Amino acid sequence: MESSLPNLLLTPPLEATESLRAYMYKAALANAYPRLYVGNAIALAQWFVSLVENRDYELSQKLRGRLTPEPTTSGKASLFYLGEDQLPLSEMRTSSRNVCPHCLSEEPWSRGEWELKSYIACEKHGVRLLEKCDQCKRKLSWDRTELLHCFCGRSLADIATQGALSWETRWSVQVGISFRESINRIHRAASDGFIDPPIRLFKLLEMADVIRAGYYYASNYEDGAIPDFYRSTDHAELSNLRAMT
């Protein structure tokens, strides 16, 4: 199958946190092959990077760390590489899409952090990520020829948004910081009480349940009013935290 795919003459610029998959769609569109990777971008990711390497070695090395699936003969990756970090498949949105319309309106490209299940609100605009179209009510998907419109033609940048809760934004800020750190390996100064250097993303996601619950209670309870079960390590009670957050 790979040998039957066309070569790509144009390699558009890679944006700051753009994922390999989003870049593959953008490159296909720029080369007038809009459906080239629809439905099989993950399976063809390694082939695509090798193709780019023949034209632009520096770009190919950047793409290898942009949520790139591990090499596999089955086409079903269980790990994704983000910089030096390895993220499990369970943390990825592999078929569904979530987006921030405000970000798309300002700069029309798909952010890599949106592909993480743990990234639930836009840290810049303080709104919940959009997961379905307000016109046709269909959920957003990677099964599209391009990434800026719904199946029905509705521009994603024009869809109204809902404000995020305080804890949702704070959690996404931390995930976003760690996401960019994984790509750039640049330590950012501490701000608003967050850790410096940022927590490695794969470690942060391992602690997701507890940290998200902490932000939730910090936003919804007065000092000293955190329920006793938040301090518990009982697995059943932690399950209750997951459901609440």
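Which residues touch the most other members of the largest nonpolar core? They are Trp-114, Leu-116 and Leu-201, in a core of 33 residues. The model is predicted: local features need pLDDT of at least 70 and side-chain atom pairs pLDDT 80 or more, while totals for chains, interfaces and linings use all residues. Residues are numbered from 1 along each chain as its sequence is written, and side-chain values use heavy atoms, leaving out hydrogens and water.

**Nonpolar cores**
- A nonpolar core is a set of buried Ala, Val, Leu, Ile, Met, Phe, Trp, Tyr and Cys residues joined through side-chain atoms within 4.5 Å; buried means under 20% relative accessible area, exposed over 50%, and partly exposed in between (1.4 Å probe, protein chains only).
- A second, separate core has 24 residues, including Leu-36 and Val-38.

**Helix H5**
- Helices (H or I, at least four residues) and strands (E, at least two) are DSSP runs, numbered from the N terminus.
- Of the 19 residues of H5, 16 are buried, so the helix is largely enclosed by the rest of the structure.

**Salt bridges**
- There are 11 salt bridges in the structure, each a side-chain nitrogen of Lys or Arg within 4 Å of a carboxyl oxygen of Asp or Glu.
- Arg-21 and Glu-115 form one of them (3.2 Å, N to O), and both residues are buried.
- Arg-180 and Glu-123 also meet in a salt bridge, at 3.1 Å, N to O; Arg-180 lies in helix H5 and Glu-123 in the loop between H4 and H5.
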